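Colleague: I'd like to go through the labels on this one and hear what stands behind each of them. Can you put the model up?

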Amino acid sequence: MWDIFLQTLPFFLVIALGYGAGFTGFFSVEANAYLTKFVFYFALSAMLFQFAASLSLSDVLDWWFVLAYLSATSVVYIVATIVAKWRGLSIAEAAVEAQCAVIGNVGFLGVPMLAILLGEAAVGPVMIVLAVDLIFFGSLIVIVITGSRDGRMSPRVLMTVGAGLLKNPMIMSISLGLLVSAADLSLPAPANDFLTLLGAAATPGALFAIGVSLAAQSTERVIIAGWLSFCKLVLHPTVVAVSALMVFELDPQLAGVMIAAAALPVAGNVYIIAQHYRVASARASAAIFVSTVASIVSLSFVIAWVTSLG
């Protein structure tokens, strides 16, 4: 456990560095917006494309893996929704809380961290988790919020969701990388070196940007943030572990990657969506802050456990 904590500590120290830069005003919110844009559209996309181009879709895409993760995540999503409705919240607010309970920071934190801590073999499964989060649950929250406001589902909403997926650089970079792999194309050395150089900026850039964004996050509604953080850091990986190991009986190493991905703190894009639709944005902000701080310890426990499975 202590060894794993020491391995994860550098990642969180970079986050802490970004937090300090944001908290003191040395790094402004506007500056972080541009850093995030660079990481999101360029560095992280280069990393994901290079990873995907080196993978074989037939080796990565395991439908039992997808079903195990999707079913377990749906259970936690439903639990969080029921609790939110029991507290008298609207459907839109419940959708934001459910999103906080299941959507982890896979893109900015999970891909670089788990690739280093769990090895290159973890990259494919982590990207599958990322794809499920973006395509299924990322679409679901937009559909639920918009549908609850309009009182019906319109083709315009579905077109908006589809366009959003096509514009998402993480989805596009993974898809293009897998196409390159499927075509059995090898990247020229200069192109490969370019992607390696650009992709190397993804890990420190993403972690620093997370820290700066945390400095601007609200800590309101701490009790609710604690509940949502519990769902994300404890309940989600627990249900995923039961699904992967006991129900679907996946390979322990494959299951371990899924469990570790499920144990990541709440993703920052949940706040962006909540703010865009003006629904429970302070609640999402607090959940991101609390879960990220708590994950310094909780994630070390989970990774220490999953590395013992294999």
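This is a predicted model: local features need pLDDT of at least 70, side-chain atom pairs count only at pLDDT 80 or more; totals for chains, interfaces and linings use all residues.

Colleague: What makes Asp-62 a cap for the N-terminal end of helix 4?

Modeller: One of its side-chain oxygens lies 2.9 Å from the backbone nitrogen of Trp-64. Helices here are DSSP runs (H or I, at least four residues), numbered from the N terminus.

Colleague: How do you know that the span of helix 4 agrees with what it should be?

Modeller: The expected span is 1.5 Å times one less than the number of residues. For the 24 residues of helix 4 (residues 63-86) that gives 34 Å, and the end C-alpha atoms are 34 Å apart, so the two agree. Just after the helix, Gly-88 takes a positive phi of about 90°.

Colleague: Why is Trp-64 called exposed?

Modeller: Exposed means over 50% relative accessible area, buried under 20%, and partly exposed in between (1.4 Å probe, protein chains only). Trp-64 has 56%, so it counts as exposed. Phe-248 comes out at 22%, so that one is partly exposed. The buried residues of helix 4 include Phe-65, Val-66 and Ala-68.

Colleague: And why is the pair of Phe-40 and Tyr-41 called edge-to-face?

Modeller: Rings of Phe, Tyr and Trp (its six-membered ring) pair if their centres lie within 6.5 Å; planes under 30 degrees apart are stacked, over 60 edge-to-face, the rest tilted. There are 10 aromatic pairs in the structure. Phe-40 and Tyr-41 have centres 5.2 Å apart and planes at 85°, so edge-to-face it is. For Trp-64 and Phe-248 the values are 6.0 Å and 50°, so that pair is tilted. The latter pair links distant parts of the chain, 184 residues apart.

Colleague: What makes a set of residues a nonpolar core?

Modeller: They must be buried Ala, Val, Leu, Ile, Met, Phe, Trp, Tyr or Cys, joined through side-chain atoms within 4.5 Å. The largest has 98 residues, with Leu-44 and Leu-48 among those with the most contacts inside it. Helix 7 (residues 123-150) gives the most, 12 residues.

Note on methods: Residues are numbered from 1 along each chain as its sequence is written. Side-chain values use heavy atoms; hydrogens and water are left out. Helices (H or I, at least four residues) and strands (E, at least two) are DSSP runs, numbered from the N terminus. A polar contact is a pair of N or O atoms within 3.5 Å; within protein, one must be able to donate a hydrogen and the other to accept it, and residues adjacent in sequence count only if both atoms are side-chain atoms.
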